[in-house]
Amino acid sequence: MAALTCSALALSAGVAQAQDVLRVGVIGPLTGGGAAWGLGLDGGVKIAAQEINQDGGLKVGDDTYTIEVVSYDDQYKAAEALTAANRLMGPDDVRFIFGPIGSASLLAIKPMTEREGVQLYTGAWAADVLKDSEYVFRVGPTTQEFAPSTVQWVKENKPDVQRIGLIAANDETGWNSQKIQANAYSEAGFDVVTTEFFERTQNDFSAILTKMLAQDPDNIELDTAAPRTAGLIVRQARDLGYTGSFTKFGGFDVDELVKAAGKQYAEGVVGITMAAPDTEVWNRLGDEFAKLHKAEMNDYVVMFYDAANLVFSAMENAGSLDSDDVVAALESSAPFEGSVGTMTWGGGEAYGVDHQIYRSVVMVEIQDGAGVVIGEAKLN
Amino acid sequence: MLQQFLVVAGLSSATYMLTALGFTLIFGIMRVVNFAHGEFLLIGAYTVFVAQYNLGLDYMIALPLAAVVAGGFGIIAERLVFRRFTGDETGGMIVALALAITIKGAVTIIWGVDSQPIDRPFSGSFQIAGAFIPKDQLFAAVMALVLVAGTYWLLNHTRLGLAMRAVAQAPDVARLQGITPWKTYPAAFAIGCALAGFAGALAAPIYGAEPNMGEAALMKAFIVVVLGGLGSIPGALLAAVLLATIEAGISILFNSSIAALASFLVVIVVLLVRPAGILGRT
């Protein structure tokens, strides 16, 4: 595994007596495109684990565990995710895995984890992620949940917008999300005039944008493009004379987008995040995140911090580390308090199982290089 | 749309030329496939970042500095790593890959995985005949063409260039004429890596500097060089134009995935007809 990154974090609270160790896994893009999300996932889980260890450890029944986080880099690729999952489930003896982020990665490992009863707490977006599964939980809302609300926001707040251009990554995540976005915009009365896909490794979008801009869109929906990629698309579109608006309803990171697009071009881009930037929770987690990774704080830290706390709490409530016991405890734990609000389970109608987290999602607009909260998106 | 297509193809052609030039130069003279070429481009990009953010230098000073730094690393790499693999294409490839992984890993450890912002020397675009020409990409393309012309002049109108060509054509005969390959190789490697550093420094304000930027650049350079003929500079230039035109055209007509497919199909067809590449030596 050429790009394997293995970091085993054993966090000791300095407890006098020896404790058992509970290993949990992280699989996500720790390098390359999407690294902002992968490092957020890794950081969120590690911060939650660290806090529990410092409080004396995780109490499950009569035992107390020190939580150890074992992380692997899948580089947003299915093959790497498979290797990582094999390693976690084999030599590392992990039964609880946070991630992957990429839908292709998750769908590649899901048959194996379902067969072995290994639980996945994922941010992957494709609808098939949750279908026909017992042990997969999605810990953040996806386009399926928020698209009607975000599209309605565009309708109410951007009355001049009628023609929509959609651009997404050429993979499972992008295909799935763009289909939902296109339906949501069409049902709301917009004209989806152009839809394009790009490769995740792509940096130059001049040709794609030339084709898109020829259709004269009023708004370009950046969907699930990685934040840096979205910034490059914004900049290159502006350089090609595009004067319309941008929305990014899927994986927003203000700092990364502004860095890539430049402050001037990023002005007015609207997106959604799991937590409002520059709040007490954001800043506290950001300080802890900075100790773990040389990357900008983003909402995936909050999302997976909450998910990890939810899972560890379910283990304590179940009094057991048996997979089925933990699943039952998770399913019965709703509603539960996250760091920025109440969360609950849902998604039974769409996915056949209520393993989709519903949590607050805020609308953020980039103003003068910073994210400013402008509203809240109600989930479908 | 036709005008914009011509702009996109033209700007991309120039960038591909510069990215591929150093790669084919090193192979042509040393018979070394420098799979670390992308990482010398990375060194150029990060030199600009360090020069701007740590030293407070203007981009126009950071640009040539990036080439000097990349070229300097090239001389060190040639002396310590590649010299013993001259002529050994397989060994050179393997050690180049190892060097590439090392450089990329070092960059990631030092600066992290995030893309580093580079102050853009130019912003906005010109509008001519209905086409938009981004100023920063135009600057990069013009500089690329100047460097390509400069390299051509060096190879064809200087004693050093004459020595390089002699060593490339017949190293033993060159030795008999008093041209020492061990003095020529460091110069060739330095120039090849300096060109890569320049390419990275020109790309950095447009795309940012991030640890993975070398991989895509290497892939592009490799395709251009194989298509044009390994070791053939005119071939690389012609292939760069061909590849950029196909990619731009197919992307605009269809999508970027089909464009990538078309590019590789062209490479396969050309190599089936001319296994040495368009202008490669048979």
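Student: What stands opposite A:Gly346 in β15(A)?

Tutor: A:Gln356 does. This is a predicted model, where local features need pLDDT of at least 70, side-chain atom pairs count only at pLDDT 80 or more, and totals for chains, interfaces and linings use all residues. Residues are numbered from 1 along each chain as its sequence is written.

Student: What makes β14(A) and β15(A) a pair?

Tutor: Two strands pair if DSSP finds at least two bridges between them. β14 (residues 342–346) of chain A and β15 (residues 356–358) of chain A have three bridges, in the antiparallel sense, so they count as paired. Strands here are DSSP runs of E, at least two residues, and helices are runs of H or I, at least four, numbered from the N terminus.

Student: Over to chain B: why is B:Leu272 called exposed?

Tutor: Exposed means over 50% relative accessible area, buried under 20%, and partly exposed in between (1.4 Å probe, protein chains only). B:Leu272 has 70%, so it is exposed. B:Leu272 lies in helix α11 (residues 256–273) of chain B.

Student: How do you know that B:Leu18 touches B:Phe198?

Tutor: Contact means heavy atoms within 4.5 Å. B:Phe198 is among the residues that B:Leu18 touches, so their heavy atoms come within that cut-off. Others include B:Ala144 and B:Leu202.

Methods:
Chains lettered and ligands numbered in written order. Heavy atoms only, no water. Lists of a residue's contacts leave out its neighbours within four places in sequence.
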